[in-house]
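Hi,

Here is the model I promised to pass on.

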Amino acid sequence: MLKVHSRCDLSCDHCYVYQHADQTWRGRPPRMPPATVQAAARRIAEHARGHDLPTVHVVLHGGEPLLLGAAGLRKVLAELRTAITPWARLDLRMQTNGVLLDEELCRLFIEYGVRVGVSFDGDRAANDRHRVFAHGGSSHDHVRRALALLRRPEHRASYAGILCTIDVRNDPERVYEALLAEDPPRVDLLLPHATWDHPPHRPGPEPTPYADWLGRLHRRWVDDGRPMSIRMFEALRPGGGGTEAFGLAPADVLVIEADGSWEQVDSLKTAYHGAAGTGFDVFDHSVDEVARHPGVAVRQEGVAGLCATCRACPVVDRCGGGLYAHRWRTGTGFDNPSVYCADLLRLIDTVDGYPPPVPRQRTATAPGSGEWPATPPVDELLDDLATGHGSASTLALLAATQLSITRALLAACRDAAGATAAWDLLVHLDQVAPEAVRAVLAHPFVRPGLVHRLESSAPPGPGAAVDPLPALAIAAALRAGVPAALRVPVRAGAITLPTLGSLLLPGLGESAEVTVRPGELQVAGGSVLLDPLAPPSTGWLPTRDVPVPGGRLLLEDGDPYRDCYGQPVAPRLEVPAARALGRTLAEAWRVVHRDVPAHAAALDGGLRAVVPLAPDPARPLRSATARHAFGAVAVTPHADPETMAVLLVHEWQHAKLGAVLDLYDLVEPAQGIRIRVPWRPDPRPPEGVLQGVYAHLAVTQVWQSRAATDRPDASAHAAHFLAWTRDGVDALLASRSLTAAGERFVGHLRHALEETRVGSA
Ligand code: SF4
Ligand code: SF4
C-alpha cells in the first residue's frame with residue numbers, strides 16, 4: 001500500500017488516519033517525493049525478483065491519492081511499471097474518496113490497468129453522517145458523480161467496487177439500496193474501527209447491534225438473489241477464503257508512508273500513536289527485513305498467533321479473531337479477541353442460516369430430453385471435485401449436464417436450418433429408443449461437430465460445414481435397430497456414424513442415400529451391405545474399442561471432428577499400432593486403479609474415448625483435451641503404461657474442470673489478468689492457471705502414491721509437482737481474479753494440497 005499523498009480533501013470524523021490515536025501524519029510530507037517513489041518501486045521489484053513472485057499488488061492510497069493530480073499519478077504509475085513489470089505482473093489498485101475523479105483520470109487508470117475502489121457509505125443521510133468536507137458540506141453528490149464515471153462502459157474495467165463503513169444508526173436497507181444502485185462489482189463492508197479501550201458505539205441494550213444490522217442487510221441481499229458481491233458475507237462462509245479482516249491467512253500487506261517509512265497495516269493507527277510503525281524505511285531496508293518485524297511475523301502464524309479465547313473458538317477458521325486492530329487493549333496488547341467478538345459470532349451464525357450462494361449459472365436448455373439434472377448442489381459439487389478427483393455421482397452429474405448442452409446445440413442447429421427429416425427421426429428415436437440416442441449424443445465428438453456447424457458462416461455449398469444431424473440420426477437408428485432412410489452428407493470422403501465407424505467408399509459424392517434395416521446399413525445403389533457387429537466389410541472402418549475396468553474405451557481415430565485439439569491428430573492407425581495402443585491403455589487404466597483408486601473411479605465415470613495424436617519426434621510425449629469434447633482425451637501413442645497413466649489422469653482433470661466451467665463462473669470474466677506460473681515461461685490467464693493447478697494436484701497425488709511404495713524418483717517427482725501446484729494455488733488466490741465460487745474451490749484445493757503434503761510427511 002503506497003501512501004502517495006498523506007493529506008485529504010475530506011474531513012471524515014470516522015477517519016483512522018487523522019481522527020484516531022495515531023497522529024504520525026502530521027510529521028510527514030503531503031506528497032510522496034519522486035525519490036521516495038523510486039526507492040519504493042525498487043524495493044518492491046527487488047522482493048518480486050528475489051522471491052520469484054508471480055504478481056505484486058500495489059494499492060495507491062492516502063490520505064487522498066487523487067490530490068496528486070493526473071500528471072503526478074502518471075509519474076508514479078510509470079515508475080512502478082518500469083521497475084516491477086520485468087519481474088512480476090503488477091496489479092494496480094487505488095482507494096479514493098472519488099471527489100476529484102474526472103475523465104482524464106479515468107483514462108489514465110484504463111491506460112495503466114488501475115482498478116479503483118471508492119469509499120462511499122450509502123444513501124445521503126448515511127454517507128454524510130461522517131463523510132463531509134472540512135466546512136461540513138456533503139460529499140454525497142461528488143462521490144456519486146465519480147461512481148457514475150466509473151460505470152461508463154469505457155471506464156468500467158477500472159471500477160473495482162465500493163468500500164462502505166457501516167454505522168448502526170443508518171437504515172441497513174437504505175444503505176443496501178444505495179450501494180446496489182451504483183452497480184459495483186464488489187462491496188466491502190467495514191466495521192467502524194474500535195478497540196477494547198475505545199469500544200464501538202452501541203446505541204441500546206442489545207448485545208450484538210452490528211450483527212443485527214448486518215443481518216438485516218444480509219437478509220435483503222439473499223432475498224434479492226445476491227445481485228452483487230459482498231465480500232464480508234462471502235468471506236465468512238465455510239471455505240470463504242477470508243480477507244484482511246477475517247480468516248487465518250497470513251497478513252500480506254505492508255504500507256509505505258509518504259516519507260518512505262515501512263509500516264504495518266494502517267488500520268493499526270486506531271490502536272495507539274505509532275502502533276503501525278516498524279522503524280524501517282525503503283531507503284535502507286528490504287521487504288524481507290520488515291517481514292521479520294515481530295508485529296508482521298506474528299500475523300504469519302495463523303491460529304497460533306491468536307489469543308487463547310480465539311484459539312478455542314469453533315469458528316476461528318472463518319473469523320480469525322477479526323481485524324487485528326480491533327483486538328487492542330492497553331495492558332494485553334493484541335492478545336485478545338476482537339472487540340466485535342459477540343457480533344462476529346452471531347453474524348457467522350446468521351450467514352450459516354441461509355443456503356449457500358449459487359454462482360452465476362449460464363443457461364442451457366434440454367429440448368424435449370427431460371435429462372437436465374436437478375439444479376446441481378453447487379457447493380457440494382465443487383467441494384467434491386476440489387478433493388482432487390470427485391466422486392462417481394459428481395462425474396455422472398457432469399456427464400449429464402454435458403449431454404444436455406449437446407442437446408441444446410442440436411436444437412440450435414435445428415432452429416438454424418428448420419425441421420428436417422433427420423430432426424424428425426431423432427425426435428422419434430428419442431421416444432422409442434432413448435438409450436440409443438443418448439449413446440450417440442454422449443459421444444465426445446458430437447458437440448464439436450454441432451459447434452462447427454453453428455459457427456460456420458459459409459453459405460450452403462461446397463465450403464459449408466456439413467449438417468451433422470443425418471449422421472447422428474442414422475447412427476442412433478442403427479444402434480436401436482429401427483428402420484430408417486436419410487440422405488447423409490459426406491465429409492472428408494467419408495460418412496462417419498459417431499460411436500460406430502466410418503463408411504469410406506469411392507464415388508460417394510457430396511451426400512449419399514443411407515438406409516438402415518435391423519442389423520444392416522445400405523448405401524444407395526446397394527453398393528454396400530454390412531452388419532456393424534460382423535467382421536469389417538469393405539469400405540467400413542469400425543470404431544475400435546478397448547476393454548477397461550468399468551466398460552469399454554473407444555480408440556477414436558476416425559471421427560473427423562476429433563481435430564479439435566489445436567494439434568495434428570494421427571490418421572487411422574494400422575491394426576498392429578491400434579492393438580499396441582489398446583494394450584497400453586488397458587494396462588494404464590489398471591495402473592491408475594492401483595495408484596490412485598479415487599481418480600480411477602472418476603475416469604471410469606466419464607472417460608469414453610482416447611484420440612491418438614500424430615507423432616512428433618521433437619515432442620514425443622504430448623496430451624490434450626478440448627473444451628467441446630468432454631469424455632475424450634488425446635495422447636501420443638506412448639508405449640509405457642506408467643507414463644500413459646499419468647497422462648490420462650492429468651488430462652481427465654482438464655476435462656472435468658472444463659465441464660464445471662461450462663456451468664459456473666469460477667474466474668471473473670475479462671479482467672485481462674495474467675499470472676506467472678512455474679510450469680510455463682509465459683504469464684497465463686487465471687483460467688489457464690486454474691486448469692494447471694487442478695491437473696498438477698492430481699499428478700502430485702499419483703506420484704505421492706508411488707512414493708509410498710518406494711518407487712525410484714517418485715518422491716522427487718511428487719515434491720516437484722507439489723511445489724508447482726502450491727505456487728499456482730497461491731498465485732491464483734493472490735490474484736483476486738476468482739469469483740466467490742472460484743475462491744471457495746481454490747481454497748478447498750489448498751486444503752487438499754495440505755492433506756497431500758501432510759500425507760507425504
Ligand atoms: S476520505 Fe478517507 S482519508 Fe480522507 S478523511 Fe475521509 S476516511 Fe480519511
Ligand atoms: S474474535 Fe470471537 S468469534 Fe472471532 S475467533 Fe475470536 S473468539 Fe471466535
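This is a predicted model: local features need pLDDT of at least 70, side-chain atom pairs count only at pLDDT 80 or more; totals for chains, interfaces and linings use all residues.

Arg736 has a relative accessibility of 33%, so Arg736 counts as partly exposed; the class runs between buried, under 20% relative accessible area, and exposed, over 50%, using a 1.4 Å probe and protein chains only. Arg736 sits in the loop that links α24 (714-735) and α25 (740-760). Helices here are DSSP runs of H or I with at least four residues, strands are E runs of at least two, and both are numbered from the N terminus. The phi of Arg736 is positive, near 55°, and this is a residue other than glycine.

Residues are numbered from 1 along each chain as its sequence is written, chains are lettered from A and ligands numbered from 1 in the order in which they are written, and side-chain values use heavy atoms, with hydrogens and water left out.

Back to the backbone. Most residues other than glycine have a negative phi, and most peptide bonds are trans. Arg226 has a positive phi too, near 50°, and belongs to the loop between α7 (209-223) and β7 (229-230). The Gly62 to Gly63 peptide bond is cis, with omega near 20°, and Gly63 falls in the loop between β2 (55-61) and α2 (69-84).

(The expected span is 1.5 Å times one less than the number of residues.) Gly418 comes after α15, with a positive phi near 85°.

Pro686 is part of helix α23 (residues 686-708) and counts as buried because its relative accessibility is 9%. Leaving aside residues up to four places away in sequence, Pro686 touches Val667, Ile673, Ile675, Leu732 and Ser737, where contact means heavy atoms within 4.5 Å.

Finally, ligand 2. Around it are Cys310, Cys313, Val316, Cys319, Gly321, Pro337, Ser338, Cys341 and Leu345, each with a heavy atom within 4 Å of the ligand. At least two residues of this shell come from each of α12 (316-319) and α13 (341-352). The shell has seven nonpolar residues, two polar and no charged; Ala, Val, Leu, Ile, Met, Phe, Trp, Tyr, Cys and Pro count as nonpolar, Asp, Glu, Lys and Arg as charged, and the others, Gly among them, as polar.

Cheers
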